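Biologist: Please put the model up. I want to ask how each label was assigned.

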Amino acid sequence: MKRNFLTAASVIITMGIIVIVSCKKEGKNSSSVDANETGKNETKYSSTNSKESHNMGQNCMSCHKQGGAGEGWFNVAGTVYDTALVKALPNATLKLYSGPNGTGSLMYTIPVDGLGNFYTTQAINFGSGLYPAVQGATTTKYMNSLITGGQCNGCHGVSTSKIYTQ
C-alpha cells in the first residue's frame, strides 16, 4: 500500500533537521479523514519479509491509535536495529515472556517485517507485566525489566538505547 509521505501527521524538528512523519491514508488529508475511518480498528500485524510498514524508529502509536491517522490501533510496535544501531534489522522476532531472560511462559510472538518494524493490533494481555526478547539470526537480546505497554519506540531510541540484535 502506497502512503502519501507529504501529507504529514506531524513534523519533528531535531538538531536543525526536519523529519516528516506521516500515517495518513493515501489520498486523504487531515480534513478529509472522518470519524468513521478513525473510529474503527483495522487488523494489522507485521510479517516476515513484508515491506508494508514505514517510519522506522518513530513512535508508531502516535498515529496508530484510536482516533489517530494510522490504519489499525497497535498494541505493540517498534523497530529493531543491527548491533551498530544504524540500520533497521529485517526479519527478526519479538517474543514476550512471563518471566525475565526468556523464563516463564512464552506469551506472544511477533515477527519483525522486512523493514525492521514489528506491530500488531492483536489484543495483548500485559497483566502485571511481560518481559520482551528480540531474536535475530544469531543472537537473542533480553530486556530485564518488565513492560506493561507496547509503545516500544516511545522510549527506545529516545530515552534508552534502540532495540537491537544480530
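Biologist: Which residues does Ser 98 touch, leaving out those up to four places away in sequence?

Modeller: Thr 103, Gly 104, Ser 105, Met 107, Leu 130 and Tyr 131. Contact here means heavy atoms within 4.5 Å. This is a predicted model, in which local features need pLDDT of at least 70 and side-chain atom pairs count only at pLDDT 80 or more, while totals for chains, interfaces and linings use all residues. Residues are numbered from 1 along each chain as its sequence is written, and side-chain values use heavy atoms, with hydrogens and water left out.

Biologist: How far apart are Ser 98 and Leu 130 in sequence and in space?

Modeller: They are separated by 32 residues in sequence and by 5.2 Å in space, C-alpha to C-alpha.

Biologist: What makes the approach of the Ser 98 side chain to the backbone nitrogen of Ser 105 a polar contact?

Modeller: A polar atom of the Ser 98 side chain lies 2.7 Å from that nitrogen. The definition asks for N or O atoms within 3.5 Å; within protein, one must be able to donate a hydrogen and the other to accept it, and residues adjacent in sequence count only if both atoms are side-chain atoms.

Biologist: Why is Ser 98 called partly exposed?

Modeller: Its relative accessibility is 36%. Buried means under 20% relative accessible area and exposed over 50%, with partly exposed in between (1.4 Å probe, protein chains only), so the value falls in the middle class. Ser 98 is in the loop between strands E4 (93-97) and E5 (106-111); strands are DSSP runs of at least two residues, numbered from the N terminus.

Biologist: Why is Thr 121 called buried?

Modeller: Because its relative accessible area is 12%. Thr 121 sits in the loop between E6 and strand E7 (131-135), and its contacts beyond four places in sequence include Trp 73, Phe 74 and Asn 75.

Biologist: How do you know that both faces of strand E6 are covered?

Modeller: Asn 117 and Tyr 119 on one side are buried, as are Phe 118 and Thr 120 on the other. E6 runs antiparallel to strand E3 (residues 76-81), with 4 bridges joining them. Two strands pair if DSSP finds at least two bridges between them. Gly 78 stands opposite Phe 118.

Biologist: What makes E4 and E5 a pair?

Modeller: They share 5 bridges, in the antiparallel sense. One of the facing residue pairs is Leu 96 and Tyr 108. Both strands belong to an open antiparallel sheet of 4 strands, in the order E5-E4-E7-E8. E5 and strand E8 (140-142) are its edges, since each pairs on one side only.

Biologist: Which residues have the most contacts inside the largest nonpolar core?

Modeller: Val 76, Val 80, Leu 96, Phe 118 and Ile 124, in a core of 17 residues. E3, E4 and E5 each give two or more residues to this core. Apart from it lies another core, of 5 residues, including Cys 60 and Met 61. A nonpolar core is a set of buried Ala, Val, Leu, Ile, Met, Phe, Trp, Tyr and Cys residues joined through side-chain atoms within 4.5 Å.
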